[in-house]
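Q: Hi! Could you walk me through a few side-chain details in this one?

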Amino acid sequence: MVLDKINQTNDIKKLDKEEIRQLSGEIRQFLIESLSETGGHLASNLGVVELTIALHLTFDLPEDKIIWDVGHQSYTHKILTGRKEGFATLRQYGGMSGFPKTSESDCDCFNTGHSSTSVSAGLGIAAARDLKGENNKVISVIGDGALTGGMAFEALNNASKLDSNFIIVLNDNDMSISPNVGGLSQYLGGIRTAAAYQDLKSGVMESLQKIPVYGERIVQRIRRTKSGIKQLLIPGMLFEDMGILYLGPVDGHDIEKMTAMFQKASRVSAPVLVHVLTEKGRGYEPAVRHPARFHGTEPFEIETGLAKKKKRKAAYTDIFSTVMRKLGDRDEKVVAVTAAMETGTGLKRFHNMFPKRFFDVGIAEEHAVTFAAGLAAGGLKPVFAVYSSFLQRAYDQILHDVCLQDLPVVFAVDRAGIVGSDGETHQGLFDISYLMTIPNMTLMAPKNKWEFSDMIKFALAYGHPAAIRYPRGEAFDGLMQYRAPIECAKSEVLFETGSIALLAYGSMVKTALEVRERLEQAGIGCAIVNLRFAKPLDTQMLAHVSTAYRLAVTMEENVKTGGLGEAIAAYFRTAGSDIGVIQVAVDDTFLPHGNVDVLKRQARLDAESIAQKIDRWLQKQQPDMMVGE
């Protein structure tokens, strides 16, 4: 196999043309077989095999720098830089990340995981290169989806000021430019980037500018005329008008054409954008037919593309999907907003049922929030469904455009808490902290699927900004007998006994039940309070806890800093209570990728770790009271 010859960076340069063509197929087969066992991002990686090969053939890593936007399409890059063996542990705790990681390889020059960042990062790396007097190449790869993010356009606008080489590769897997226009564009792009043409153009312009009085006017007339012609004939004029040379489109599965285009691009002493057309999921029919499903897939059967896992219980995202459809039936003012995550957030059914009341704004969370604010100001009831780690990109808009005006926008904050395999960039461990800082924001989390349904209905009827956070994965279906009506700032007492109160929020209620069982086995009584609301706090309940219990254990799936536990501890201090407090939360760190249960143990958010914390506290207070293992 040719793939066996790829063991370290730049080994690909030792292959002949036939071996390189064979390598594409072998990499695809390797990815399909490997990810069928581990899961991972398949469709996007199958689409960029030839693109990645062309980049590695053209440029010299690690001296040249490639920045992958989002980064989940960097699997071929990892193979070509000697990390093929790491795929056996892909996205597992202690194993290889599914994203670029500077700690893994010096060929990963920038950690990525969120969208629309590569042009900004690449521009900064290029500017640093120029200041240091170096001459390596910097290449930012960005997808057509990521290009919808406002940050990408801010970077493109800034890039025009650069007077040295900086290459932006636009990976377009939507085939949005027709072949006939693309052929003309390739032809003109080849002329514009030829070294002789560049030298001639510079010489002519300099000579004309030296003509007294009329020289500059002639140059401007030529530029205006040329621009007008290009506006009619050449796609990509948006980039040209921003001061970025546009090349393409080029077939993203033709290695020789891309290599030639990248070589031309590297000769330009200015920012240049190479437009590459690729097919998502290429080479594996199930991924071509269902690219969204194979964006991030669990282990699957290669023959059918179906998941290997047995049928699972309904996830919180499934509950959200069902409730939104029902509420859409009942109230025509209910509208849904997503930032390019229709399937991931569970809004596909709502879209199918109410297409005019569904809005996908693309990868643009900041815009999505202010757009939702506008919908609310217009008298509608918008629900913005978004992953926790992506919502943090829109903090200013939540504060300034929604909460400052007290507009009734509902934030359905999916993937809140420990997410798992995608790692640091996707863990939803900060939303409690950053949302609690904002006046007029109401923040809640359900203990189970029935309470989740009730909270969505409450939030839509509430009339103020409200966020509901819920975790990835199966919805807890226990405690169905406890379903007190949702009232703002009112918690729910599930068990009231003993001298220890477990104050659990959202997903941690299930863990609290396990802790309570361990304590009872040791003969220690324990109460459980389902907090429901992080903001506003149920101060009436806290006042009762401060006098009725010796120890309060706050439990949240969020960072400790600025979180719910800190707010509750501050309340007790202000009230002058001497109750003991244990704050169970994630310490001041970023959690890596891995299985959720493994990460909870590492972060000491599992039942055993919490029981041990209580045990240590009890031993300090009364040595003869111990929690059994």
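What follows is a short chat about one asparagine and some aromatic rings.

A: Happy to! Keep in mind that this is a predicted model.

Q: Let's start with Asn 136. Where is its place?
A: Asn 136 is in the loop that runs between α5 (118-131) and β2 (138-143).

Q: Is Asn 136 buried or exposed?
A: Its relative accessible area is 13%, and the cut-off for buried is under 20%, so Asn 136 counts as buried.

Q: And which residues does Asn 136 touch, leaving out those up to four places away in sequence?
A: Those are Glu 63, Asp 64, Lys 65 and Arg 129. With Glu 63, a polar atom of the Asn 136 side chain lies 3.2 Å from the backbone oxygen.

Q: Switching to rings: how many aromatic pairs are there?
A: The count comes to 21. One of them is Tyr 75 with Phe 87, edge-to-face, at 5.6 Å centre to centre and 75° between the planes.

Q: What does that pair tie together?
A: Tyr 75 is in helix α4 (residues 75-80) and Phe 87 in the loop between α4 and α5, so parts twelve residues apart in sequence are tied together. Both Tyr 75 and Phe 87 are buried.

Q: Nice. What about Phe 239 and Tyr 246?
A: Phe 239 and Tyr 246 are stacked, with 6.1 Å centre to centre and 0° between the planes. Phe 239 is buried at 7% relative accessibility, and Tyr 246 is buried at 1%.

Q: Last one: which ring does the charged end of Arg 357 sit over?
A: That of Phe 354, 4.4 Å from the ring centre. Arg 516 likewise lies over the face of Phe 495, at 4.0 Å from the ring centre.

Conventions:
Residues are numbered from 1 along each chain as its sequence is written. This is a predicted model: local features need pLDDT of at least 70, side-chain atom pairs count only at pLDDT 80 or more; totals for chains, interfaces and linings use all residues. Side-chain values use heavy atoms; hydrogens and water are left out. Helices (H or I, at least four residues) and strands (E, at least two) are DSSP runs, numbered from the N terminus. Buried means under 20% relative accessible area, exposed over 50%, partly exposed in between (1.4 Å probe, protein chains only). Contact means heavy atoms within 4.5 Å. A polar contact is a pair of N or O atoms within 3.5 Å; within protein, one must be able to donate a hydrogen and the other to accept it, and residues adjacent in sequence count only if both atoms are side-chain atoms. Rings of Phe, Tyr and Trp (its six-membered ring) pair if their centres lie within 6.5 Å; planes under 30 degrees apart count as stacked, over 60 as edge-to-face and the rest as tilted. A charge sits over a ring if NZ of Lys or CZ of Arg is within 6 Å of the ring centre and within 35 degrees of the ring normal.
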